Amino acid sequence: MSPSISELLMNYYDEDNLESLNLFFLANKEFVFRSALYVTNRTLAAEEAVKQSYLNILKRSSIYPASIIHDEEKIKSWLL
């Protein structure tokens, strides 16, 4: 069984595991992009929103407690 997105994020934060971070991004990229495209209705703006979302996760690792409590939906909402 593959790890959940909260487990991947927690592995990255706790162990600085870049492979987990990569798997986290890959697992969510389509969802985040489609959501951003729906809101912006522009491909370039959606791509920029995805990049910004992932940069926020990298910068704010200490304020994402949902990864610790295994709340998949909260993690997805933070991505948006």
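**View 1. Thr43 sits in helix α3 of this predicted model.** Let's start with a single residue and look at its surroundings. Is Thr43 buried, partly exposed or exposed? Thr43 is partly exposed, because its relative accessible area is 42%, a value that falls between the 20% limit for buried and the 50% limit for exposed. Leaving aside residues up to four places away in sequence, Thr43 touches Phe33 and Leu37. Phe33 lies 10 residues from Thr43 along the chain, and 8.8 Å separates the C-alpha atoms of the two.

**View 2. Asn41 lies in the loop that links α2 and α3.** Have a look at the backbone here: Asn41 has a positive phi of about 60°, although it is not a glycine. To see what makes that worth a second glance, remember that most residues other than glycine have a negative phi. Asn41 counts as exposed, because its relative accessibility is 67% and exposed means over 50%.

**View 3. Asp16 is found in the loop between α1 and α2.** Here is another backbone to inspect. With a relative accessible area of 56%, Asp16 is exposed.

**View 4. Helix α1 has a set of buried residues.** Which residues of α1 are buried? They are Ile5, Ser6, Leu8, Leu9, Met10, Tyr12 and Tyr13. As you trace them along the helix, keep a handy rule in mind: an α-helix has 3.6 residues a turn, so residues three or four places apart point the same way.

**View 5. Helices α1 and α5 pack against each other at an angle of about 70°.** The axes of these two helices are 9 Å apart. Because of that angle, α1 is roughly perpendicular to α5. Where they meet, α1 brings Ile5, Ser6 and Leu9, while α5 brings Glu72, Ile75 and Lys76. Sorted by class, the contact has three nonpolar, one polar and two charged residues.

**View 6. The largest nonpolar core of the protein has 14 residues.** Which of its members touch the most other members? Those are Leu9, Phe24, Tyr54, Ile57 and Leu79. Helices α1 (5-15), α2, α3 (43-59) and α5 (72-79) each supply at least two residues of this core. The largest share comes from α1, which gives five residues. There is a general pattern to recall here: in soluble globular proteins, nonpolar side chains tend to be buried together.

View 7. Now step back from the details. Starting at the N terminus, the elements run α-α-α-α-α. Of the 80 residues of the protein, 31% count as buried. Take the contacts between residues at least 6 apart in sequence: 54% of them join residues at least 24 apart.

View 8. The protein averages a pLDDT of 84, and 88% of its residues score at least 70.

Terms used
Residues are numbered from 1 along each chain as its sequence is written. Side-chain values use heavy atoms; hydrogens and water are left out. pLDDT is the predictor's confidence in each residue, from 0 to 100. A nonpolar core is a set of buried Ala, Val, Leu, Ile, Met, Phe, Trp, Tyr and Cys residues joined through side-chain atoms within 4.5 Å. Buried means under 20% relative accessible area, exposed over 50%, partly exposed in between (1.4 Å probe, protein chains only). Helices (H or I, at least four residues) and strands (E, at least two) are DSSP runs, numbered from the N terminus. Axes are lines fitted to C-alpha atoms, for helices over the stretch in contact, and angles run from 0 to 180 degrees between N-to-C directions. Angles under 35 degrees count as roughly parallel, over 145 as roughly antiparallel, 65 to 115 as roughly perpendicular and the rest as oblique. Contact means heavy atoms within 4.5 Å. Ala, Val, Leu, Ile, Met, Phe, Trp, Tyr, Cys and Pro count as nonpolar, Asp, Glu, Lys and Arg as charged, and the others, Gly among them, as polar.
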